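Subject: Structure handover

Hi,

Here is the structure we talked about. My notes follow below it.

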Amino acid sequence: MEEIRLDDVVQMRKTHPCGSDRWTIIRIGADIKIKCLGCGRIVMMDRETFVKRRKKTLEQGTVPEAETLLQMLTQK
């Protein structure tokens, strides 16, 4: 399974109504929040759905998922 990182740029299987199929990941956890790079629309979906709908990762973010989750837990 491919790692999901914050700030990844991913290509989804279907295009958004604005015509773009490129999204950036802005939140990870049990749910994944992604932002359209064409129009800026934000969509949230559960991880399982995201993995099914993702076609490929175009650019990988800088921070690994495990570190991001650890930072989220220690900030509380």
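The largest pocket has a volume of about 230 Å³. A pocket here is found on a 1 Å grid over the protein atoms alone: an open set of points where a 1.4 Å probe fits, with protein on both sides within 12 Å along at least five of seven lines. Grid points are joined across faces, edges and corners, and the volume is the space filled by probe spheres set on the points. The lining is Met 12, Arg 13, Lys 14, Thr 15, His 16, Trp 23, Ile 34, Val 43, Met 45 and Arg 53; lining residues have an atom within 4 Å of a point. That lining divides into five nonpolar, two polar and three charged residues. Ala, Val, Leu, Ile, Met, Phe, Trp, Tyr, Cys and Pro count as nonpolar, Asp, Glu, Lys and Arg as charged, and the others, Gly among them, as polar.

Two points on provenance. This is a predicted model, where local features need pLDDT of at least 70 and side-chain atom pairs count only at pLDDT 80 or more, while totals for chains, interfaces and linings use all residues. Residues are numbered from 1 along each chain as its sequence is written, and side-chain values use heavy atoms, with hydrogens and water left out.

Now the fold. The protein chain has two helices and five strands, in the order β-β-β-β-α-β-α from the N terminus. Helices (H or I, at least four residues) and strands (E, at least two) are DSSP runs, numbered from the N terminus.

Strand pairing comes next. Two strands pair if DSSP finds at least two bridges between them.

- β1 and β2 are antiparallel, with three bridges. Val 9 sits opposite Thr 24 in β2.
- β2 and β3 run antiparallel, joined by four bridges. Trp 23 faces Cys 36 in β3, and Ile 25 faces Ile 34 in β3. Three residues separate the strands of this hairpin, and Gly 29 in the turn has a positive phi of about 155°.
- β3 and β4 (residues 42–46) are antiparallel over five bridges. Lys 35 is opposite Ile 42 in β4. Five residues lie between the strands of this hairpin, where Gly 40 takes a positive phi near 90°.

Burial: 33% of the 76 residues of the protein chain count as buried. Buried means under 20% relative accessible area, exposed over 50%, partly exposed in between (1.4 Å probe, protein chains only).

The largest nonpolar core has eleven residues: Ile 4, Val 10, Met 12, Trp 23, Ile 25, Ile 28, Ile 32, Ile 34, Cys 36, Met 45 and Phe 50. Such a core is a set of buried Ala, Val, Leu, Ile, Met, Phe, Trp, Tyr and Cys residues joined through side-chain atoms within 4.5 Å. β1 (9–12), β2 (22–27) and β3 (31–36) each give two or more residues to this core. β3 gives the most, with three.

Met 12 is in contact (heavy atoms within 4.5 Å) with Asp 21, Trp 23, Ile 34, Met 45, Phe 50, Arg 53, Arg 54 and Lys 55. Arg 54, in β5 (residues 54–59), is buried, with a relative accessible area of 9%. Contacts of Arg 54 are Glu 2, Ile 4, Val 10, Gln 11, Met 12 and Arg 13.

Best wishes

Methods. Lists of a residue's contacts leave out its neighbours within four places in sequence.
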